[in-house]
Amino acid sequence: MELVNAERSKVGCSALTLNTTLSKVAQSHSEDMALHQNMSHVGSDGSSPGDRLTSAGYTWSAYGENVAYGYASPEQVMAGWMASPGHKANILNCTFKEIGVGLAQPDSYWTQDFGTAR
């Protein structure tokens with residue numbers, strides 16, 4: 001979260017706050033990807049990020065998700081996301097107000113869920 005907020009501050013976005021529901025959803029998705037050895041925004045049950053957030057009780061007006069696989073540290077995964085236009089757009093989207101993060105082993109499956117509550 002600190003790395004995300006450092007990048008956001010460079011472009012004038014407000015800092016994201018950590019949301020426990022978003023964190024639970026992100027961690028669960030990371031665990032699902034690790035269990036099935038499949039990096040995807042689609043869960044093993046066919047769910048989308050929005051489906052997972054809604055099922056967890058997060059009433060959103062906007063959301064985004066970044067996933068990654070195989071990076072050994074938060075700094076490495078952030079560098080990868082910042083080098084990818086779509087992932088960077090989520091990180092620097094000033095509309096988002098909250099974040100949840102997940103990491104599961106083996107093989108380091110990372111998830112960032114961004115949201116703005118309704």
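Tutor: Let us begin with a term: helices, of at least four residues, and strands, of at least two, are runs assigned by DSSP and numbered from the N terminus. In this predicted model, the elements of the chain, read from the N terminus on, follow the order α-β-α-α-β-α-α-β-β, which amounts to five helices and four strands.

With that order in mind, we can turn to the part you asked about. A search of the whole structure finds one disulfide, and it is formed by Cys 13 and Cys 94, whose sulfur atoms lie 1.9 Å apart. The pair links distant parts of the chain, since Cys 13 belongs to the loop between α1 (2-10) and β1 (17-18), whereas Cys 94 belongs to the loop between α5 (85-91) and β3 (98-104), and the two are 81 residues apart. In general, a disulfide is a covalent bond between the sulfur atoms of two cysteines. The angle about the S-S bond is -80°, and the link of Cys 13 and Cys 94 is left-handed.

How covered are the two partners? Cys 13 has a relative accessibility of 7%, and because buried means under 20%, it counts as buried. Cys 94 has a relative accessibility of 35%, so it counts as partly exposed, the class between 20% and 50%.

Buried residues, Cys 13 among them, make up 44% of the 118 residues. Of the contacts in the chain with a separation of 6 or more, 67% are between residues 24 or more positions apart. For 118 residues, a compact globule would have a radius of gyration near 13 Å, and the chain agrees with this because its own value is 13 Å. Along its principal axes, the C-alpha trace spans about 40 × 30 × 20 Å. The accessible surface of the chain comes to about 6000 Å², and carbon and sulfur atoms hold 54% of that surface.

For another place to look at, take Ala 72, which is found in the loop between β2 (60-69) and α4 (74-82). Ala 72 has a relative accessible area of 66%, so it is exposed. From Ala 72 to Asp 107 there are 35 residues in sequence, and their C-alpha atoms are 8.5 Å apart in space.

Notes: Residues are numbered from 1 along each chain as its sequence is written. This is a predicted model: local features need pLDDT of at least 70, side-chain atom pairs count only at pLDDT 80 or more; totals for chains, interfaces and linings use all residues. Side-chain values use heavy atoms; hydrogens and water are left out. The radius of gyration is taken over C-alpha atoms; the globule rule is 2.2 Å times the number of residues to the power 0.38. Buried means under 20% relative accessible area, exposed over 50%, partly exposed in between (1.4 Å probe, protein chains only). Contact means heavy atoms within 4.5 Å. Accessible areas come from the Shrake-Rupley method with a 1.4 Å probe; for residues, only the protein chains shown count as cover. A disulfide is a pair of cysteine sulfur atoms within 2.5 Å.
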